[in-house]
Amino acid sequence: MTVAAGRDDGISGLLRSSARSLTERWVELTAAPLRGRVSRAELERELGELFEAFLAAVETGSRDVDDEAYAEVRALLSELSRRRARAGFTPTETATGVFSLKRAVFEVIEGDEGAGIAELVTVSQLLDALGLWTFEAYAKAREEVIDEQAAQLLELTTPVVKLWDGVLAVPLVGTLDSGRTQVVMEKLLESLVNTGAEHAIIDITGVLAVDTQVAQYLLKTATAARLMGAECTISGIRPHIAQTIVELGIEFGDITTKASLADALLHALRRSGVDVVRGRTGR
Amino acid sequence: MTAAAAIELPIGADEDIVRIRQLVRTRAQEAKLSLVDQTKVVTAASELARNTLTYGGGGRVVIDMPTNGRRVGIRARFIDEGPGIPDLDLALTEGWTSGKGMGLGLSGSRRLVDEFTLDTEVGRGTTVTIVKWSR
Amino acid sequence: MERIPILKIGDVLLVSIQIDLQDRDVLALQEDLSEQICDTGARGVVIDISAVDIVDSFIGRMFATIASTSRLFDATTVVVGMRPAVAITLVELGLTLGNVRTALNLEKGLAILRQIGGTRSDVLGRADDDQPVDR
């Protein structure tokens with residue numbers, strides 16, 4: 001992205017002399033495709049700031065956008081792209097913000113007798129590089145949004161429910177990866193502390209497959225619960241998962257496992273000294 | 001984002017271990033590690049600092065915050081000029097110990113972090129580097 | 001160095017750890033406790049670690065040692081209030097606390113000691129107050 005540095009390539013003079021008309025035209029060109037989703041005043045402020053920083057960078061003589069001289073421009077652009085990404089604008093709409101300055105500059109150059117092809121190429125290359133920078137910042141911001149949503153989803157899909165006084169359960173459904181299992185593990189143990197419940201049940205009836213790592217996490221959760229002074233039972237192990245566990249050679253040791261959630265609950269109740277008897281009317 | 005500059009602390013006495021734990025905790029929080037990951041890396045640092053003190057005859061630790069794309073991490077290098085480790089495989093064996101502790105120092109800390117490297121030369125010293133990344 | 005206070009309530013010794021433990025604090029506490037158990041004839045020891053944010057192998061070993069020592073004086077040790085992050089880290093580190101009893105909080109820890117006391121014929125003689133034990 002480097003363009004040979006030439007202090008007197010006339011670019012800075014060109015930009016400086018027509019600064020006002022350039023920013024105005026730039027705002028106008030950028031505003032059109034955004035169709036009023038960003039107010040004109042806001043655009044003027046954003047782009048005005050950006051233009052000043054760009055001009056200052058160009059005036060240092062540097063023509064490399066990765067250079068220290070462009071740090072301010074890059075920071076402003078990242079901030080702008082990030083705002084656009086979070087507000088739901090498309091990548092095209094976001095990058096147009098940079099490319100429309102190119103068009104504005106071309107229009108000025110066209111009307112300028114003294115300016116030539118060299119300036120055109122330099123400005124073009126600079127702004128292309130900045131446009132790419134915008135893309136990267138945009139993609140990065142989007143990735144952050146996705147990560148946040150994934151984390152939220154994880155929280156939502158792993159509820160810790162109270163089954164009885166002193167008995168908590170986490171019904172797990174779907175595919176377990178190690179990330180999700182870890183979140184469950186922490187949340188369950190945290191709930192034990194907060195509620196003072198001494199029994200936890202991890203029910204994996206709805207889990208389709210278990211790999212070594214996940215099985216190990218389940219085991220670690222149960223062991224950690226025990227270290228904290230609580231008991232953790234794993235229930236609902238399907239036959240094929242049981243086979244996998246045995247084939248993988250994972251030892252559940254003295255961790256209690258039960259075929260169904262009901263069995264696990266009964267076990268927990270007995271351990272806490274609750275007797276379950278069928279009422280006479282139930283017969 | 002500029003990462004915090006590397007900080008070097010001496011490991012020469014008991015209280016240095018506590019100081020290292022506190023600095024690692026602060027850095028781990030800055031790297032936005034989850035509470036569990038913070039605890040893991042602080043515990044690993046505590047084990048390794050004690051190793052440096054007990055087996056390496058003291059030394060120093062250098063703590064900094066590397067970046068890898070969007071991820072920030074915490075890195076700690078424990079450096080001593082002690083006798084080195086003659087039998088590395090043995091030292092990394094579960095439960096093996098040549099001194100106080102439960103023999104979990106090296107093998108245990110390795111499981112608590114994302115990256116673990118050990119350089120040792122008999123008579124020259126030992127350097128253990130650990131890295132824990134934000135998720 | 002400040003010594004960690006040991007409170008005596010009835011026939012139970014209570015230790016609440018509120019500081020970042022140095023290795024020498026750990027050793028001092030071990031000594032103080034065994035002396036106190038011997039002197040007071042206490043039947044139970046409760047160590048509250050709800051304020052402790054890391055337990056490494058050295059501190060972990062202390063719990064096991066205290067439990068074994070107290071057993072020699074026919075006293076039971078219960079460690080209470082271990083934080084989840086600490087528990088997960090200990091599991092990953094590969095540390096087991098041996099025969100140490102644990103409880104979620106102080107109240108439950110004391111309840112365990114009462115239950116054990118209640119089954120012992122020579123203690124207090126108020127076994128009828130205690131809930132049936134299903135263990």
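This is a predicted model: local features need pLDDT of at least 70, side-chain atom pairs count only at pLDDT 80 or more; totals for chains, interfaces and linings use all residues.
1. Extent of the contact between chains B and C. Here 24 residues of chain B are in contact with 21 residues of chain C. The two chains bury about 2100 Å² between them, and carbon and sulfur atoms account for 56% of that area.

2. Elements of chain B at this contact. Across the interface of chain B and chain C there are 8 salt bridges. One of these joins the side chains of Arg21(B) and Asp56(C), with a distance of 3.4 Å from N to O. On the side of chain B that touches chain C, the elements giving two or more residues are α1 (14-30), α2 (35-54) and α4 (105-112) of chain B. The largest share comes from α2(B), which supplies 9 residues.

3. The residues of chain B that touch chain C divide into 8 nonpolar, 7 polar and 9 charged. Between chain B and chain C the count of residue pairs in polar contact is 14, with both residues at pLDDT 80 or more.

4. Extent of the contact between chains C and A. In this case 14 residues of chain C are in contact with 19 residues of chain A. The area buried between chain C and chain A is about 1500 Å², and carbon and sulfur atoms give 65% of it. Within chain C, the residues that lose the most area to chain A are Pro84(C), Val91(C) and Leu104(C). Together these residues make up 38% of what the chain C side buries.

5. Polar links between chains C and A. The count between these chains is 1 salt bridge. Glu92(C) forms a salt bridge with Lys220(A), and the closest N and O atoms of the pair are 2.7 Å apart. There are also 6 residue pairs in polar contact between chain C and chain A, both residues being at pLDDT 80 or more.

6. Elements of chain C that face chain A. Of the elements, α3(C) gives the most, with 6 residues. By class, this side of chain C has 9 nonpolar, 1 polar and 4 charged residues.

7. A salt bridge within chain A. Over all chains the count comes to 35 salt bridges. In chain A, Arg86(A) forms a salt bridge with Glu148(A), the closest N and O atoms being 3.1 Å apart. Arg86(A) belongs to helix α4 (residues 71-86) and Glu148(A) to helix α6 (residues 117-157) of chain A, so the pair ties together parts that are 62 residues apart in sequence.

8. Charges over rings, and aromatic pairing. Two arginines of chain A may be examined here. The charged end of Arg74(A) sits over the ring of Trp133(A), at 5.5 Å from the ring centre. Likewise, the charged end of Arg84(A) sits over the ring of Phe89(A), at 5.6 Å from its centre.

Definitions and conventions
Residues are numbered from 1 along each chain as its sequence is written. Chains are lettered from A and ligands numbered from 1 in the order in which they are written. Side-chain values use heavy atoms; hydrogens and water are left out. A charge sits over a ring if NZ of Lys or CZ of Arg is within 6 Å of the ring centre and within 35 degrees of the ring normal. Contact means heavy atoms within 4.5 Å. Buried area is the accessible area (1.4 Å probe) that two parts lose on being put together, summed over both. A salt bridge is a side-chain nitrogen of Lys or Arg within 4 Å of a carboxyl oxygen of Asp or Glu. A polar contact is a pair of N or O atoms within 3.5 Å; within protein, one must be able to donate a hydrogen and the other to accept it, and residues adjacent in sequence count only if both atoms are side-chain atoms. Helices (H or I, at least four residues) and strands (E, at least two) are DSSP runs, numbered from the N terminus. Ala, Val, Leu, Ile, Met, Phe, Trp, Tyr, Cys and Pro count as nonpolar, Asp, Glu, Lys and Arg as charged, and the others, Gly among them, as polar.
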